[in-house]
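Student: I would like a close look at one part of this model, namely its charged side-chain contacts. Please then carry on from there to the rest.

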Amino acid sequence: LIDMKEGLVSIITPVYNGEKYISETIESVIKQTYLDWEMIVVDDGSKDGSAAIIRRYAEKESRITLLQQPNGGSASARNNGIRYANGQYIALLDSDDLWDPDFLKSQLVLMKEKNTICVHGSYKRINENSEEILKAWKAKKEVTYKQMQMTNHIACLTGLYDTSKFGKIYLKEELRSIRDDYAYWLDVVKLAGVSYGNQDVLASYRVISSSTTGKKKKLIRAQFYFYYHYQRLGLFKSILYTMYWGILGVLKFSGKY
């Protein structure tokens, strides 16, 4: 691919009113022991001080770029970043999640070891104060396309995709930023055949406790829609998979999975 720089990791971070955590997220990227990265932070029409914080980092660190767009949702922001990306590898890191210093180095070692174009990983769960809660979520060692059809086994902050074989993949903006990351990794695994999971816990997913029951109902509807309309799995399978996803979710956030 002409516009691809070999070995470079393009980290795409969409931000909407993320001033509370964005510094911590950017710092976790700056501390990476693997140095060949670029971070494209896409401000999705924030109304807070996010853009000013990101701009300060971009002025000091040439590997960080700030893009600004009117509010269009996370899928649109991520796609904007992917279009701008120069790297062989694409990583999607949200504006409140964190990486340990060895995250990229470890993921790339695994990728080369397995001779694959897609890897994912295990992660800690942290609260608003960056304190660890629940137990760490261990990634499946191997995830097939069929398993991905049932539920998303790739935590977005841990996924890494090598574009050198099939080129860039974009998120589905028609999903309106709900389950768009699931669709993205589903598409990647379809091309890869399998994704390999790093057993080392090298990322931190932030659990924000303010999620309401209303949001959860909306998520259940979105999940069913994703199976039924997007994947076209039929009514019975879509209901079954939604139930499976729901049970996994309960187990996951009670710390039992």
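Student: How many salt bridges does the structure hold, and which residues make them?

Tutor: Seven salt bridges are present in the structure. A salt bridge here is a side-chain nitrogen of Lys or Arg within 4 Å of a carboxyl oxygen of Asp or Glu. Two remarks before the details. This is a predicted model, where local features need pLDDT of at least 70 and side-chain atom pairs count only at pLDDT 80 or more, while totals for chains, interfaces and linings use all residues. Residues are numbered from 1 along each chain as its sequence is written, and side-chain values use heavy atoms, with hydrogens and water left out.

Start with arginine 206. Its side chain meets that of glutamate 24 in a salt bridge, 3.2 Å from N to O. Arginine 206 belongs to strand S10 and glutamate 24 to helix H1, so the bridge ties together parts that are 182 residues apart in sequence. Helices (H or I, at least four residues) and strands (E, at least two) are DSSP runs, numbered from the N terminus. Arginine 206 is buried, at 2% relative accessible area. Glutamate 24 is partly exposed, at 31%. The cut-offs are these: buried is under 20% relative accessible area, exposed is over 50%, and partly exposed is in between (1.4 Å probe, protein chains only).

Next comes aspartate 94. Its salt bridge partner is arginine 78, and the closest N and O atoms are 2.8 Å apart. This pair links distant parts of the chain, 16 residues apart: aspartate 94 sits in the loop between strand S4 (87-92) and strand S5 (98-99), arginine 78 in helix H3 (residues 74-84). Arginine 78 counts as buried, with 4% relative accessibility. Aspartate 94 is partly exposed, with 24%.

A further bridge joins lysine 172 and aspartate 187, at 2.5 Å from N to O. Lysine 172 is in the loop between strand S9 (160-162) and helix H6 (180-192), aspartate 187 is in helix H6, and the two are 15 residues apart. Lysine 172 is partly exposed at 22%. Aspartate 187 is buried at 18%. Some bridges also share partners: Arg78, Asp94 and Asp180 are joined into one network.

Valine 194 is found in strand S10 and is buried, at 14% relative accessibility.

Now the aromatics. The structure holds eight aromatic pairs. In tyrosine 123 and tyrosine 205, the ring centres are 5.8 Å apart and the planes stand at 65°, so this pair is edge-to-face. Tyrosine 123 lies in strand S6 (residues 118-126) and tyrosine 205 in strand S10 (residues 194-206), 82 residues apart. Rings of Phe, Tyr and Trp (its six-membered ring) pair if their centres lie within 6.5 Å; planes under 30 degrees apart are stacked, over 60 edge-to-face, and the rest tilted. Tyrosine 123 is buried at 4%, whereas tyrosine 205 is partly exposed at 31%. Together with Trp137, Tyr123 and Tyr205 form one aromatic cluster.

Turn to the loops. Asparagine 17 has a positive phi of about 50°, though it is not a glycine. Most residues other than glycine have a negative phi. Asparagine 17 sits in the loop between strand S1 (5-15) and helix H1 (22-30) and is partly exposed, at 34%. Serine 130, also not a glycine, has a positive phi near 65°. Its place is the loop between S6 and strand S7 (132-137), and it is partly exposed at 27%. Serine 209 is in the loop between S10 and H7 and is exposed, at 58%. Its C-alpha atom is 17 Å from that of glutamate 19, 190 residues away along the chain.

Last, the surface. Tyr228, Leu235, Ile239 and Met243 form a nonpolar patch, with about 380 Å² of accessible area together. Accessible areas come from the Shrake-Rupley method with a 1.4 Å probe; for residues, only the protein chains shown count as cover. Patch residues have over 30% relative accessible area and no salt bridge, with like charges joined within 9 Å and nonpolar side chains (Val, Leu, Ile, Met, Phe, Trp, Tyr) within 5 Å. Helix H8 (residues 235-252) contributes the most to this patch, three residues. Leucine 235 lies in helix H8.
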